[in-house]
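Here are my comments on the model you sent.

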Amino acid sequence: MILHGALATLEPITPELAARVVARDERPGDDWHAEYPFAAELDPLRSLATASEVDPDFTMYLVRRTSDGLAVGGFGFFGPPDASGTVEFGYGLVPSARGAGLATEAVGLALDRAAVCGARVAVADTDVTNTASQRVLESNGLAEVDRRRSLVFYRRDLPTRRAHGDQRAASDHHGARATDPAGR
């Protein structure tokens, strides 16, 4: 399922693609920014590359800039919702793509999809000095719930949403829409 917004597109990363990203085996059509992936994303990508089963929705995604299709970062769920319906996520963009609303839209797209797929709560944390990331989280309705050492923890209850029929869903966040890989 590719998630489309006005500024950003989220493209699921398969185990095969994760292995190529880690190896920096870029092929025609990949269109990765020269600084992507960044160091903090390599371990999760390595784990995904060796996974035998991957949840199609609660996975890692390339964040592509809609204007030029360039992959400028990543978004990832740390797995499917736990028994309480809680999902944890993280994200990041290459420095030159920051400040243009891409991260805010990418998080919104992913949280909308998570709600459609049954998640009830979203949580994330960020460094206490990363005010830009804090603004992204707060812009997406997450509220600070705790501070410990150098981290700020955020939480948001997600609305109950369900996909219809074939699991394709329309999203009302940022005028975005979700489509299957064939673009339907």
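1. Helices here are DSSP runs of H or I with at least four residues, numbered from the N terminus. By that rule, E41 belongs to helix α2. The model is predicted, and everything below should be read as computed from it.

2. Overall fold. The chain contains 4 helices and 9 strands. Their order from the N terminus is β-β-α-α-β-β-β-α-β-α-β-β-β. Of its 184 residues, 47% count as buried. Among contacts with a separation of 6 or more, 61% are between residues 24 or more positions apart.

3. The largest pocket has a volume of about 960 Å³. Two or more lining residues come from each of α2 (39–49), β4 (71–77), β5 (86–93), α3 (102–116), β6 (121–127) and α4 (131–139). The lining comprises 42 residues, and F38, G74, G90, Y91 and G92 lie nearest the centre of the pocket. Strand β5 supplies the largest share, 6 residues.

4. How do the lining residues of the largest pocket divide into nonpolar, polar and charged? The counts are 21 nonpolar, 14 polar and 7 charged. Gly is counted as polar here.

5. E41 is buried but has no salt bridge. The nearest side chain of opposite charge is that of R24, 9.3 Å away. Because a salt bridge requires a nitrogen-to-oxygen distance within 4 Å, R24 does not qualify as a partner for E41 at that distance. Leaving out residues up to four places away in sequence, E41 touches Y36, M60 and G74. Of these, G74 is also one of the residues nearest the centre of the largest pocket.

6. Where R24 does pair. R24 forms a salt bridge with E26, with 3.7 Å between the closest N and O atoms. R24 is partly exposed, at 33% relative accessibility, and E26 is also partly exposed, at 36%.

7. A pair within α2. The side chains of R46 and D43 form a salt bridge at 2.9 Å, N to O. The two residues are 3 apart in helix α2, which means that about one helical turn separates them. D43 is exposed, at 53% relative accessibility, whereas R46 is partly exposed, at 40%.

8. A further pair. R147 and E144 meet in a salt bridge with an N to O distance of 2.6 Å. R147 has a relative accessible area of 44% and is partly exposed; E144 is partly exposed as well, at 38%. In total, the structure holds 10 salt bridges.

Note on methods. Residues numbered from 1 in each chain as written. Predicted model: local features only at pLDDT ≥ 70, side-chain atom pairs only at ≥ 80, totals over all residues. Heavy atoms only, no water. 1 Å grid on protein atoms, 1.4 Å probe; cavity = no way out; pocket = protein on both sides within 12 Å on 5 of 7 lines; lining within 4 Å. Points joined across faces, edges and corners; volume = space filled by probe spheres on them. Buried < 20%, exposed > 50% of the residue type's maximum accessible area, 1.4 Å probe, protein only. Lys, Arg positive; Asp, Glu negative; His and termini not counted. Contact = heavy atoms within 4.5 Å.
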